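Here is a structure to walk through. Keep the sequence beside it as you read.

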Amino acid sequence: LQSTPEGVIAPSLIALSFSEVEVRWDPPTKPNGVIQRYMLAIDDVNQANTITPFVHTQPNLLPYTIYRIAIIACTDVGCGVGPTSNILTLEYIPSGQPSPTVSVTSSKSTSVTWQVPSTPNGIIISYDVIRNGSVVLFTNNTQDRSFADTNLQPAKVYVYSIRAYTSIGSSDVSPGTLITTSPDAPELLDSPTLTPLTSTSFKAE
């Protein structure tokens, strides 16, 4: 009589890309009948699709994400699930870079700070700070996400944005943050020299 397979073996996994993993496996050590189909369990969720033994490419995965994958082997009586193997998908370009926060610190300087992308898709290795379409800072110091921009012009509009990088490439440029520097304080004038003309009038020089 057939029964549920036993001895289902953990698969061998290879990350092919940021979204695909190759899954290889061997038959159960105790099939307890004729194996009718194989399926995958990904992060403890059984996938309904039958897969062809004994190599399968699993698509539609997320970049730089750890997955736990197990083989499900089924006879006509029931299915047995093997132990899981872990795999980290490959990196991809970041997405969801937020706009920076910008504050005016003087008539000729600003302070720029920013956050990591909402979806890093890997390890962030560098950032661009972009002012009015030109890169004003490229930094590999990904922990200090701040920049003091100086030598600006008073009472001028500036637009700042951020671009993040993984080893694969860069994100899209973030939406811009618009800010206007302070106007310069008026220069102090010398006190005039007053010369009396009459008892009620003066000449200013």
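Is Phe54 buried, partly exposed or exposed? Phe54 has a relative accessibility of 32%, so this residue counts as partly exposed. The scale is simple: buried means under 20% relative accessible area, exposed means over 50%, and partly exposed lies in between, with a 1.4 Å probe and protein chains only.

Some ground rules come next. This is a predicted model, in which local features need pLDDT of at least 70 and side-chain atom pairs count only at pLDDT 80 or more, while totals for chains, interfaces and linings use all residues. Residues are numbered from 1 along each chain as its sequence is written, and side-chain values use heavy atoms, leaving out hydrogens and water.

Now the sheet. Strands (E, at least two residues) are DSSP runs, numbered from the N terminus. Three strands form an open sheet in the order E1-E2-E5, with antiparallel pairing. Two strands pair if DSSP finds at least two bridges between them. E1 and E5 stand at the edges with a single partner strand each, so one side of each has no neighbour in the sheet. From one strand to the next, the twist averages 20°. E1 and E2 pair over four bridges. Ser12 stands opposite Arg24 in E2.

Follow the chain into the loop between E1 (12–15) and E2 (21–24), and you find Ser17. Ser17 is buried, because its relative accessibility is 19%. Its side chain reaches the backbone nitrogen of Glu20 at 3.1 Å. Ser17 also touches Thr89 and Leu90, not counting residues up to four places away in sequence. Touching here means heavy atoms within 4.5 Å.

Next, the aromatic rings. A pair of rings is described by the distance of the centres and the angle of the planes. Rings of Phe, Tyr and Trp (its six-membered ring) pair if their centres lie within 6.5 Å; planes under 30 degrees apart are stacked, over 60 edge-to-face, and the rest tilted. The count comes to six aromatic pairs. One of them joins Trp25 and Phe54, edge-to-face, at 5.9 Å centre to centre and 65° between the planes. Trp25 lies in the loop between E2 and E3 (37–42), and Phe54 in the loop between E4 (45–46) and E5 (55–58), so the pair ties together parts 29 residues apart in sequence. Trp25 is buried, with a relative accessible area of 5%. The rings of Trp114 and Tyr127 have centres 5.7 Å apart and planes at 65°, so this pair is edge-to-face. Both Trp114 and Tyr127 are buried.

Definitions and conventions: Polar contact = N/O pair within 3.5 Å; in protein donor to acceptor, adjacent residues only side chain to side chain. Axes fitted to C-alpha atoms, helices over the stretch in contact; angles between N-to-C directions.
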